[in-house]
Every structure is written in C-alpha cells, then in structure tokens.
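Take a walk through this model, one stop at a time. Keep the 3D view open and turn it as you read.

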Amino acid sequence: MGVRYTHQAITTEQQIEILKERGLLIDDVKQAIEILDTISYFRLAGYWRHFETDHSTHQFRENCSFSDVTDLYSFDKQLRVLLFTAIQTIEVSVRTKIIKHLALEFGAFWFMDENYAINKTRFAANLSVIRKEVSRSHDDFITEHFRKYSEPDLPPVWKTLEVISMGTLSKLYANFSDSAAKHAVAREFGLKHHKFLRSWLECLAVLRNCCAHHSRLSNRVFPVKPMMPERMPNTWITDFSFREQTLYPQLCYVVYWLNSISTDNTFVTDFKQLLARHQSVNPHLLGFPYNWEQEPLWK
C-alpha cells in the first residue's frame, strides 16, 4: 500500500523557485513563467528528467538551463509532426494493399467471416470493435452506404477498412488465417515474411497514438519492440547494437516502409535538418547508435 497524496497546487512562480533550487539555470524568469503557463510543469518534467543527475532529489546537472529543456521539447514536438505525416502515408498504403490482396480472393466481407480467423475469440472481439468504429463514422461514403443498404450490417471491406483505427487494422491482419495472402501484402513493402509486417503494424499503432496524443518521443521506453530482421531485400541497417525499446528502431522501420512506398520521400533529409536546427539535442537520447549516419538506411 502506498501513502496518501497530500501535495497541494502551487503557483507558477513557486514552480520556478523549485527548479532554481534544484540547480536549473533560468535566465529569463518572465519567459519561463509564460512557457510553464502554456505547456505545464509536468508535461515539461518528462523532458527535464533527462537533465537530472538524481531522479529522487531531482537535482539538475551542472550548467543545465531551462532553454535546454524547451529546445528538447520543441524538437520533440516537431518530430511528432514529421512522424505523423509519414505514418499517414504508411497507413493509407497499408489499408489499400490489404483491400487489394484480400478482397479479390476472399470477398467483400471476409472480415466478417470467422472461417478466415486464426483465433475465434479474437475474431469476435475485433468484429465488435469494428462495428463500434463504423457506427461512429460520419464519412459520406459510410452514411450513404447505410441509406441505401441494410444487409449485411457493415459496409464492404473497401469502405469499412477506411474508417477503422490503426490498432484494429493491425489486429485484423494478425488474426487473418491465410498466410499466402498476408505474405503478398508484406512483399508489397519489401518484407520477406508477414510476421514482420504484423510486428511493424502493432508498433506503428502505438507510435501513431503517441503522436496523436502529443506524448513525448525522446527518451521514451516503448512497450512493444519491432521485429528487426538482419537481412532485408531493400536498403537497411547493419548495426543492431541499439537499445530495442527506444525510438531508433521505430524510426528505422518507418524509413524502410516509406522507402518501399515512395523512393523520393524526404523523411531522412527532414529528420537531419530538424536535428541541425536543434543542436543541443543528442540523437543518443532517441536511442540512436553513435555511427547511425553511416548506416545505409540513413545516408
């Protein structure tokens, strides 16, 4: 059993004094108050934790400044925007490829047929979620479908898959029973086996939620680790000594995935330019190995 929480709310000025007492250098107090009133103390706390020498006393490293913290925050915010755009490209393509390969062979309503499911319990749970997600949709093509058709109780896969969440799509693909069809989708993205696409879809759903909910990416420990095969058909990485639950492997599969969709995408260039604009940010904080710029994928 823990102890009862008794701390009371304090003013922004008091928050500033606490940070000063812990050794954080604050040159412009007025500006710091404006930032804390805009972003909030505990949202920024996730970023300045990296600058602490002791997480129990929250003492800061020598010469650490408030501007170091806000620069990391700004970098992280812009990285989420960059990533969200990349994820949108991937997500749209994955939906399209799944529809393309499965609808022609297994019909317009394969996602409603438990004979195509590996696990019947998961099938029932997924279908229940799909029904809820479709019922919440106000897209024209969904409302028009229901005005015209009453059976089956869901639209065909090429409409339904456009409105379900990334997490639901990931579970639907993972639970589909036909390996050959799943392989066909995976090969569209330069992957030799559907297990890699299944893993990356699961991770992408988590990463997407982090971006959508403005969650911190820097120094984050991700709950799911992407499968990272040592050999790939297309340009890939060679050094696998990175920390598995950091952002680095997440970004690696995003870059590989994007490259399989569009070879002229600018994600790597944009990411390097973002780092150049925030030179106080150490890529190692994102889990990047020291030689990352020499990796074929990141050149």
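A pocket here is an open set of grid points with protein on both sides within 12 Å along at least five of seven lines. Its volume is the space filled by probe spheres set on the points. Keep in mind that this is a predicted model.

Start with the largest pocket. Its volume is about 360 Å³. The elements that give two or more residues to its lining are helix 1 (12-21) and helix 3 (41-48). Helix 3 gives the most, with four residues. By class, the lining splits into eight nonpolar, four polar and three charged residues.

Now move to the second largest pocket. About 210 Å³ of space lies there. Its lining is made of R122, N126, G167, S170, K171, A174, N175, R198, E202 and A205. Helix 5, helix 8 (166-174) and helix 10 (194-212) each give two or more of these residues. Helix 8 gives the most, with four. This lining has two nonpolar, four polar and four charged residues.

How many cavities of 30 Å³ or more does the count give? The count comes to one. The largest cavity has a volume of about 90 Å³. Around it sit W110, F111, D113, Y116, A117, F123, N126, L127, I130, L172, N175 and F176. Helix 5 (residues 120-136) gives the most to this lining, with four residues. Nine of the lining residues are nonpolar, two are polar and one is charged. Two names come back from the previous stop. N126 and N175 line the largest cavity, and N126 and N175 also line the second largest pocket.

Turn now to helix 4, which runs over residues 66-106.

A search of the whole structure finds seven of them. In one, the side chains of R95 and E91 meet, at 2.5 Å from N to O. Both residues lie in helix 4, four residues apart, about one turn of the helix. Why does that spacing matter? An α-helix has 3.6 residues a turn, so residues three or four places apart point the same way. Are R95 and E91 buried or exposed? Both are buried.

E91 has another partner. R208 forms a salt bridge with E91, with the closest N and O atoms 2.9 Å apart. This pair links distant parts of the chain: R208 is in helix 10, E91 is in helix 4, and 117 residues separate them. R208 counts as partly exposed because its relative accessibility is 24%. E91 has 9%, so E91 counts as buried. Together, E91, R95 and R208 are linked in a network of salt bridges.

Follow helix 4 to K97. The side chains of K97 and E188 meet in a salt bridge, 3.6 Å from N to O. E188 is in the loop between helix 9 (179-187) and helix 10, while K97 is in helix 4, 91 residues apart. E188 is partly exposed, with a relative accessible area of 24%. K97 is partly exposed too, at 21%.

End with the backbone. A cis peptide bond joins E151 and P152, with omega at about -15°. P152 is found in the loop between helix 6 (140-148) and helix 7 (157-160).

Which positive phi value does H58 have? Phi of H58 is near 65°, in a residue other than glycine. H58 sits in the loop between strand 1 (52-54) and strand 2 (59-60). Its relative accessibility is 26%, so H58 counts as partly exposed.

N219 is not a glycine either, yet its phi is positive, about 60°. Find N219 in the loop between helix 10 and helix 11 (247-261). With a relative accessible area of 36%, N219 is partly exposed.

Methods. Residues are numbered from 1 along each chain as its sequence is written. This is a predicted model: local features need pLDDT of at least 70, side-chain atom pairs count only at pLDDT 80 or more; totals for chains, interfaces and linings use all residues. Side-chain values use heavy atoms; hydrogens and water are left out. The expected span of a helix is 1.5 Å times one less than its number of residues. On a 1 Å grid over the protein atoms alone, a cavity is a set of points where a 1.4 Å probe fits but cannot get out, and a pocket is an open set with protein on both sides within 12 Å along at least five of seven lines; lining residues have an atom within 4 Å of a point. Ala, Val, Leu, Ile, Met, Phe, Trp, Tyr, Cys and Pro count as nonpolar, Asp, Glu, Lys and Arg as charged, and the others, Gly among them, as polar. A salt bridge is a side-chain nitrogen of Lys or Arg within 4 Å of a carboxyl oxygen of Asp or Glu. Buried means under 20% relative accessible area, exposed over 50%, partly exposed in between (1.4 Å probe, protein chains only).
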